[in-house]
Amino acid sequence: MALTLYVDTARWRAHHKHVQEQFPGLVPVCKGNGYGFGHERLAEEATRLGSDVLAVGTTYEAARIKDWFSGDLLVLTPYRRGEEPVPLPDRVIRSVSSIDGVYGLVGARVVIEVMSSMKRHGISEQDLPQLHAAIENVRLEGFAIHLPLDRTDGSDAVEEVIGWMDRLRAARLPLHTMFVSHLKAEDLARLQQQFPQTRFRARIGTRLWLGDHEATEYRGAVLDVTRVAKGDRFGYRQQKTASDGFLVVVAGGTSHGVGLEAPKALHGVMPRAKGVARAGLATVNRNLSPFVWDGKQRWFAEPPHMQVSILFVPAEAAEPKVGEELVAHLRHTTTQFDRLVDR
């Protein structure tokens with residue numbers, strides 16, 4: 001009995017090919033928990049796509065993935081002097097976001113990140129005059145720019161990239177390759193047309209692996225079902241049931257990421273109102289679970305346990321049976337499945 005990730009493999013891979021066709025020179029990204037699929041699986045899929053480079057989050061991830069992917073590995077976290085050394089093969093490319101970082105990687109393959117409107121990390125325009133000397137002792141694989149997802153000021157992503165291309169060109173720095181993130185296919189085509197001598201390579205993770213929501217589905221197996229009457233006590237905290245119904249024990253708990261949720265940016269009045277409503281219900285121990293039964297998302301009877309969750313299903317709903325599976329609306333990047341089934 002398990003929390004299972006079901007994958008419509010043919011559909012999932014068809015989506016990968018579609019994204020690859022939209023973004024020539026695509027660099028797949030495999031970081032964190034492998035977008036819910038695991039590093040080994042995504043390394044295999046990147047190989048299937050014929051990718052020559054796979055982007056990973058950290059040097060530790062690169063050390064794990066190197067045995068599953070034979071091409072180049074691009075580490076996205078910038079190098080910092082004093083970081084713990086991790087033994088890596090020469091085919092690993094390090095990102096750097098400072099002049100000091102470039103000087104600290106003598107002989108290494110590097111991609112230099114420029115500061116975008118994300119304002120997360122990157123070299124500044126003022127750093128450019130110092131780059132000439134710094135890059136003499138490294139193998140420069142190109143520059144990179146990481147763009148924001150939303151542009152609430154109405155600015156144009158392409159214009160931001162063009163601005164940096166012009167600055168780099170004015171500084172007489174090599175522009176053979178530019179790695180970009182969070183651009184549309186038509187944006188990439190515009191840039192490639194304007195700068196034909198530069199190869200633009202889109203680093204894509206979420207859109208590639210999770211872009212087709214219908215290709216994957218989590219399901220938790222029902223382990224036990226207990227009929228209860230209003231007022232019956234149950235669970236660790238011996239709370240009382242509010243009405244007649246069923247306590248349903250389903251595979252999937254905190255160790256799987258059930259009940260854990262990354263903060264979301266809320267835009268608009270309605271999403272904020274719903275967020276306030278959910279917070280209010282949580283103060284009286286009413287939390288909606290990700291599990292769906294009989295057409296409705298069901299409430300947690302109590303906070304999820306380590307490997308299972310206990311749900312309350314009211315008496316008027318169909319009675320779940322042991323061995324049946326409940327669809328679970330879970331976020332891939334925070335979920336760890338027990339098994340993955342291709343179908």
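Q: In this predicted model, is Glu319 buried, partly exposed or exposed?
A: Let's start with the number: Glu319 has a relative accessible area of 32%. Buried means under 20% and exposed means over 50%. Because 32% falls in between, Glu319 is partly exposed.

Q: Which residue forms a salt bridge with Glu319?
A: Side chains of opposite charge can pair when their charged atoms come close. For Glu319, the closest N and O atoms of the pair are 3.8 Å apart, and a salt bridge needs them within 4 Å.

Q: How many residues apart are Arg41 and Asp342?
A: These two residues form a salt bridge, with the closest N and O atoms 2.8 Å apart. Arg41 is buried at 13% relative accessible area, while Asp342 is partly exposed at 39%. Arg41 sits in helix α2 and Asp342 in strand β18, so the pair links distant parts of the chain.

Q: Which residue in β6 is the bridge partner of Ser95?
A: Strands β5 and β6 pair in the parallel sense over three bridges. The β6 residue we want is buried, and it also stands opposite Gly142 in β7. It is Val111.

Q: Which helix does the chain pass through from β6 to β7?
A: Strands β6 and β7 pair in the parallel sense over six bridges. Between them, the chain makes a right-handed β-α-β crossover. The helix on that path, residues 128-134, is α5.

How values were computed. Residues numbered from 1 in each chain as written. Predicted model: local features only at pLDDT ≥ 70, side-chain atom pairs only at ≥ 80, totals over all residues. Heavy atoms only, no water. Buried < 20%, exposed > 50% of the residue type's maximum accessible area, 1.4 Å probe, protein only. Helix = DSSP H or I, 4+ residues; strand = E, 2+ residues; numbered from the N terminus. Pairing = 2+ DSSP bridges. Right-handed = clockwise from strand over helix to strand, strands pointing away. Salt bridge = Lys/Arg side-chain N within 4 Å of Asp/Glu carboxyl O.
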